[in-house]
There are 2 protein chains.
Amino acid sequence: MTLRDVADAASVSEMTVSRVLRNRGDVSDKTRERVFEAARTLGYVPNKIAGALASNRVNLVGVVIPSLSNMVFPDVLHGIGEALEGTELQPVVGTSQYDLQQEEKVIYEMLSWRPSGLIVAGLEHTDAARAMMRNACVPVVEVMDVDGDPVAAAVGISHEAAGRAMAAEIVARGYKNIGYLGSSSIADARAQKRYRGFEAGLAEAGITLADSIFYDGTSGFGTGRKMTQALLERTPTLDFLYYNTDMNAAGGLLYCMEKGMDIPNEIGLAGFNSFEVLDGLPMRIATMDSQRETIGRRAAELMVANELTDEVMRLEPEFLPGDTVRSR
Amino acid sequence: MTLRDVADAASVSEMTVSRVLRNRGDVSDKTRERVFEAARTLGYVPNKIAGALASNRVNLVGVVIPSLSNMVFPDVLHGIGEALEGTELQPVVGTSQYDLQQEEKVIYEMLSWRPSGLIVAGLEHTDAARAMMRNACVPVVEVMDVDGDPVAAAVGISHEAAGRAMAAEIVARGYKNIGYLGSSSIADARAQKRYRGFEAGLAEAGITLADSIFYDGTSGFGTGRKMTQALLERTPTLDFLYYNTDMNAAGGLLYCMEKGMDIPNEIGLAGFNSFEVLDGLPMRIATMDSQRETIGRRAAELMVANELTDEVMRLEPEFLPGDTVRSR
DNA sequence: GTGAAAGCGCTAACAT
DNA sequence: ATGTTAGCGCTTTCAC
């Protein structure tokens, strides 16, 4: 089923059909009607492959993220979707599974479709991936993180600063024996940066991290619970627990409540991300809003504007004290 | 940057370059090396648009789902990804936001890229969407649900039967005053089917649903908590709460525990889906595993096999009693 | 307002 | 083992 078939059915040239279906140029209302009618009855679906090759235009934006299971990224995609709504552009998602080799392949695959732009999560990539991004000749934006050296444009927060800011909040509230609970995966560069920022922030206040614990696998209530139990059994003197993500913090919160601990006085907790699904826990966890929807929206806006900048857009995460930290 | 450039740089024909880059046909090791070298130094990325047009092959599988925010669908995608791993095929995701008009557009858009197959969530579509799916000339599989009339192949569970089975489990455990808590959106056809099956299952045991409550918006702990509070204030005699999803059930569980209710004796709870993140709640919620990863895997296997069947593959959800129902 | 010709960058099929 | 030719289904450009 090609343009030719529709053209024959409507007794016009392929060119006229093409014009009608793209609302381009002048076509008389009568002809236009005939063409629509023919296309509809034949069930014609245009071949975008041919169209893209001929016009050298592909209205797709490639989006490369580590995973869809981590709720952070669906939220970024939501922001992207919002900004692209009403434009010609459509997002196409690929996942790297937190593996830079895999990410390189996905970027290669995406660029081979000649998209109108590329959004990639993070600043850590293989050299080959960076080279491809640099030579893409379309807007490329790295999102989530601004602690590093972007290939071109970047939109995100400083995770190092977020960790540091959280340390300041905790110290200001009088907590002293502080533990960190996070992922052992070095692939989660952003969590690592928060961890380092956190340690640095504590150090500025003359405090050393009392203990820390790391997990393999996925975050979740069970993971948070187990880590918390293990850490508190090892170091019962802790009066604050800082988690790499709210999902783990929620598990820790439930554990501490079950044990009858007095939150936030005996022990305080904080996480990261500000996940809406967790509203409704017995207490609201102290956290920082990672601005992920805004990040997606801003990145997509650069695609729409077709901007080939290397501007770095730093957003500020917002501290949300919730109920699990003492007031200052 | 085209094949031509690489061919010139390596002093061979475009055809030879094409063969090398696709590992096709016989090329001498010497030539092969020269070509790779040229491609690499030039940073050549093949143009899949042109390749697809010429070969009439697109190694993409379109996947149309309602949303990425509902954790059900990332899990389906995970199953699809697993089955496609190691094949030529790549998934491309589009979302309909639970809107059939939007779904129709997404399907149209996907088909216009001439994918090797199409996976669509649900059995409810516009007539135009059904027509496109029927005429696609590639494997089309509807997933999640088998209660209805599939266009072609289908892989899923019977949500009607799932609701009915849950009713049987609850009745067998001696609960009598049963409430349902779900979504008011008629767009969530599968939850509606569970609801109807549940009512029918209770009716078979001579029981009428004592009360029910519906929410707008997204599921989550807060939603589950509020619905539960409202329902129990209205009908304090309820001894069982059946939720449309585990996320809401979790909110309900936390509410009931806070109120000091004796679970599962004074009141029982059950949800649907079996979300792994929720392992770690104070009690494991009774639920049914919606088999979503298996569904994704099976559907993708049909794509790999390039099967144009209209087979309906019905999977059986597994009942998981957890800690929130009495033992039988 | 409509049509004819050329060609986008590849690959299939057929040489050699 | 390598090259040549034709053409995939559209859009661009130019002609009428």
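Student: How close do the axes of helix 2 and helix 3 of chain B come, and at what angle do they cross?

Tutor: Axes are lines fitted to C-alpha atoms, for helices over the stretch in contact, and angles run from 0 to 180 degrees between N-to-C directions. Helices (H or I, at least four residues) and strands (E, at least two) are DSSP runs numbered from the N terminus. In chain B, the axes of helix 2 and helix 3 (residues 29-42) come within 10 Å and cross at roughly 85 degrees. Helix 2 of chain B is therefore roughly perpendicular to helix 3 of chain B. Angles under 35 degrees count as roughly parallel, over 145 as roughly antiparallel, 65 to 115 as roughly perpendicular and the rest as oblique.

Student: Which residues of these two helices of chain B meet?

Tutor: Contact means heavy atoms within 4.5 Å. From helix 2 of chain B come B:Thr16, B:Val17, B:Val20 and B:Leu21, and they meet B:Thr31, B:Arg32, B:Val35, B:Phe36 and B:Ala39 of helix 3 of chain B. The residues of this contact divide into six nonpolar, two polar and one charged. Here Ala, Val, Leu, Ile, Met, Phe, Trp, Tyr, Cys and Pro count as nonpolar, Asp, Glu, Lys and Arg as charged, and the others, Gly among them, as polar.

Student: Before we go on, what kind of model is this, and how are its parts numbered?

Tutor: This is a predicted model: local features need pLDDT of at least 70, side-chain atom pairs count only at pLDDT 80 or more, and totals for chains, interfaces and linings use all residues. Residues are numbered from 1 along each chain as its sequence is written, chains are lettered from A and ligands numbered from 1 in the order in which they are written, and side-chain values use heavy atoms, with hydrogens and water left out.

Student: How do helix 1 and helix 3 of chain A cross?

Tutor: The axes of helix 1 (residues 3-10) and helix 3 (residues 29-42) of chain A come within 9 Å and cross at roughly 125 degrees, which means that helix 1 of chain A is oblique to helix 3 of chain A. The contact involves A:Asp5, A:Val6, A:Ala9 and A:Ala10 of helix 1 and A:Arg34, A:Val35, A:Ala38, A:Ala39 and A:Leu42 of helix 3 of chain A. By class, these residues are seven nonpolar, no polar and two charged.

Student: Which residues come nearest to DNA strand D?

Tutor: A residue is near a molecule or strand if one of its heavy atoms lies within 4 Å of it. Around DNA strand D there are 24 residues, of which A:Met15, A:Ser18, A:Tyr44, B:Arg19 and B:Thr31 come nearest. By class, this surface has 10 nonpolar, nine polar and five charged residues. Of the atoms of DNA strand D within 4 Å of the protein, 62% belong to sugar or phosphate and the rest to bases.

Student: What distances separate N or O atoms of B:Thr16 and B:Ala54 from DNA strand D?

Tutor: An N or O atom in the side chain of B:Thr16 is 2.8 Å from a phosphate oxygen of DNA strand D. For B:Ala54, a backbone N or O atom lies 3.2 Å from a base oxygen of DNA strand D.

Student: Which residues come nearest to DNA strand C?

Tutor: Of the 24 residues around DNA strand C, A:Thr16, A:Arg19, A:Thr31, B:Ser18 and B:Tyr44 come nearest. The side chain of B:Ser18 has an N or O atom 2.3 Å from a phosphate oxygen of DNA strand C. For A:Ser13, the corresponding side-chain distance to a phosphate oxygen of DNA strand C is 2.9 Å. Of the atoms of DNA strand C within 4 Å of the protein, 67% belong to sugar or phosphate and the rest to bases.

Student: What is the phi of A:Asn23?

Tutor: Phi of A:Asn23 is near 55 degrees, a positive value in a residue other than glycine. A:Asn23 lies in the loop between helix 2 and helix 3 of chain A.

Terms used. Polar contact = N/O pair within 3.5 Å; in protein donor to acceptor, adjacent residues only side chain to side chain.
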